[in-house]
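Reader: I am new to reading protein models. Could you take me through one, feature by feature?

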Amino acid sequence: MEELLDIEPVRMMLETHWDEEFYVSPLRDYTSVELFAGAGGLALGMHMAGFRHILLNEIDSMACQTLRKNHPEWNVLEGDIHQIDFTPLYGKVDFLSGGFPCQAFSYAGKKGGLNDTRGTLFFELARAVKEIQPKVFLGENVKGLLSHDNGKTLSIIKNAITELGYTLVEPRVLKAIMYQVPQKRERLILIAIRNDIAQKVKFKWPDPYKRVMTLRDAFFKGELFGQDVPVSDGQTYPAKKARVMAMVPEGGDWRDLPIEEQKEYMGGSFYLGGGKTGMARRLSMDEPSLTLTCAPAQKQTERCHPLETRPLTVREYARIQTFPDDWSFVGNLADQYKQIGNAVPVNLAYAIGRSLIRLFNDLDAQEPEESQYEEGNQIAHGMIPPDLFAIDMFDVKNDFPDGIVSNYFVEKRIVDKSKLDDSKNVLVSLVTNENMSFFSQQNARLYYTGKKFPSTVKLNKLYYFMPYIKGKGIRDLYIIKVARVGTKNEVTQKCGEDDFRLVFEIAFVTQLFEDYKPYKLKIWHSYTDTNLRAILSI
């Protein structure tokens with residue numbers, strides 16, 4: 001591959017920052033609304049990236065049931081988007097997204113802006129944006145929108161976005177095969193940032209995965225899935241069609257049939273121009289799938305299994321779209337194929353979602369909102385995450401009298417950093433001045449928090465600890481031997497016996513960096529809950 005650096009997709013895969021981007025996590029809960037949600041491909045990818053959906057709208061009843069079955073906590077609003085009033089969500093949503101169906105647009109207006117989108121579903125998406133005023137919104141559509149009506153349609157949409165008060169990132173067609181999706185699917189992505197913040201941040205499109213996934217990756221245990229594809233229902237061929245398809249080799253189509261069979265199968269189409277390569281098409285196990293349609297056995301867009309003479313099953317369809325195996329689809333076979341075929345590939349949405357999370361993190365880094373979570377303060381644009389509050393130390397002490405965490409560890413320094421488990425969770429915490437000397441000498445044995453400790457930190461998963469030195473950053477890595485509730489009396493006699501706080505018994509492991517590295521504490525300017533892999537990537 002190194003000899004193919006002049007080919008941009010190859011160069012991008014060789015120079016990718018995928019692994020680094022994969023561990024991007026939100027500084028806080030970013031709220032979102034999903035329109036035209038379908039069976040949840042885009043919504044699931046955004047959820048995996050870290051967005052918290054407060055509303056999903058979809059008109060198809062079976063798709064709504066699919067969403068509710070897989071995420072009962074999601075607020076799925078079933079019905080026609082034309083009938084929905086979004087104004088109650090004004091100022092409460094960070095992000096809005098939706099794959100709007102593309103109908104014919106009018107070009108009667110002089111400016112070709114928002115008014116010329118009336119009667120289309122893009123207008124309804126635009127209305128939702130106008131009524132909600134999210135910081136960022138995303139529109140997703142087919143590649144053909146770029147050239148629809150000689151480019152006039154996209155021009156109307158661009159002008160409409162300008163009228164809404166948003167700055168459009170230059171639209172881009174993303175190839176799903178570049179983002180860990182075993183399918184040759186292309187989607188046009190429109191991302192727009194509200195004008196008042198557009199100059200403060202810059203959106204970076206996701207880097208591609210290091211290689212292209214194939215049907216072998218989709219159907220068998222490997223990088224994409226932890227087991228072979230489960231058995232599931234699927235359509236079957238009638239005997240006449242099965243006889244023809246049995247003659248098509250792996251990766252072949254109607255052109256590989258004997259000439260008389262070609263004429264009989266193709267009928268009048270045999271004498272027309274064009275490749276018609278979707279007809280009598282058998283997929284190849286060692287290539288990505290062709291773009292999935294709403295039915296795997298349509299004559300014009302055949303999707304035959306590579307090795308068996310049958311259409312793809314529901315679970316094979318879902319895996320090609322990178323839905324997890326536990327994502328169920330409601331309805332009959334036709335309903336399920338339709339839901340899967342119309343979806344945005346989950347891994348593509350996940351990659352875009354991580355890039356959007358990074359954008360929001362960059363914005364929050366310039367305009368920190370941690371202090372807004374403090375008691376007595378209000379959030380001007382958004383809602384306080386319901387799970388972020390100060391834990392009750394007295395309750396924790398009663399619930400975990402023997403300690404919250406107890407990690408076995410041999411107390412000796414690790415010189416070989418490759419022996420560190422980079423999957424383990426790390427608590428990064430601000431060190432007070434009175435404890436600075438212990439940490440500067442790398443011989444601290446105890447760390448205690450303030451009276452307030454955030455509930456969002458995954459206490460039962462903590463393993464490593466890194467002290468944050470104000471004005472410097474982070475450098476040293478410790479192991480958390482025990483996490484429990486104690487009092488400051490263990491270090492000083494300056495407090496009462498009921499002055500509870502979290503106490504971590506720690507042991508020095510290694511100096512992770514040659515010198516201190518700047519780092520942003522994400523919660524209350526005092527804590528960050530992350531993992532060692534993310535720390536090592538900074």
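Reader: Which residues is N70 in contact with, leaving aside its neighbours within four places in sequence?
Author: Contact means heavy atoms within 4.5 Å. By that rule, and leaving aside neighbours within four places in sequence, N70 is in contact with D326, W327 and S328. N70 itself sits in helix α4, residues 61-70.

Reader: What can I trust here, and how do I find a residue?
Author: This is a predicted model, where local features need pLDDT of at least 70, side-chain atom pairs count only at pLDDT 80 or more, and totals for chains, interfaces and linings use all residues. Residues are numbered from 1 along each chain as its sequence is written, and side-chain values use heavy atoms, with hydrogens and water left out.

Reader: Is N70 buried or exposed?
Author: Start with the cut-offs. Buried means under 20% relative accessible area, exposed over 50%, and partly exposed in between (1.4 Å probe, protein chains only). N70 has 17% relative accessibility, so N70 counts as buried. In the whole protein, 54% of the 538 residues count as buried.

Reader: Where is S455, and how does S455 count?
Author: S455 lies in the loop between β13 (446-448) and β14 (462-468). S455 counts as partly exposed because its relative accessibility is 21%. Now look along the chain. S455 and D392 are 63 residues apart, and their C-alpha atoms are separated by 9.0 Å.

Reader: How many helices and strands does the protein have?
Author: Helices (H or I, at least four residues) and strands (E, at least two) are DSSP runs, numbered from the N terminus. The protein comes to 16 helices and 17 strands. Contacts can also be sorted by sequence separation. Among those between residues at least 6 apart, 72% join residues at least 24 apart.

Reader: How do I read a helix's span?
Author: The expected span is 1.5 Å times one less than the number of residues. Take α5, residues 121-132. Helix α5 has 12 residues and reaches 17 Å from first C-alpha to last, close to the expected 16 Å. Helix α13 (residues 346-366) has 21 residues and reaches 30 Å, close to the 30 Å expected.

Reader: Why is α5 called largely enclosed?
Author: Count its buried residues. In α5, 11 of the 12 are buried, so the helix is largely enclosed by the rest of the structure. Among them are L121, F122, F123 and I132. The buried residues of α5 pack against β1 (30-35), β4 (95-98), β5 (136-142), α6 (152-164) and β6 (166-168). Just after α5, Q133 takes a positive phi of about 60 degrees. Helix α13 is also largely enclosed, because 18 of its 21 residues are buried.

Reader: How many disulfides are there?
Author: A disulfide is a pair of cysteine sulfur atoms within 2.5 Å. By this rule the count is 0.

Reader: Which element gives the largest share of the lining of the second largest pocket?
Author: Helix α12 does, with 5 residues. By class, that lining has 15 nonpolar, 10 polar and 9 charged residues. Here Ala, Val, Leu, Ile, Met, Phe, Trp, Tyr, Cys and Pro count as nonpolar, Asp, Glu, Lys and Arg as charged, and the others, Gly among them, as polar.
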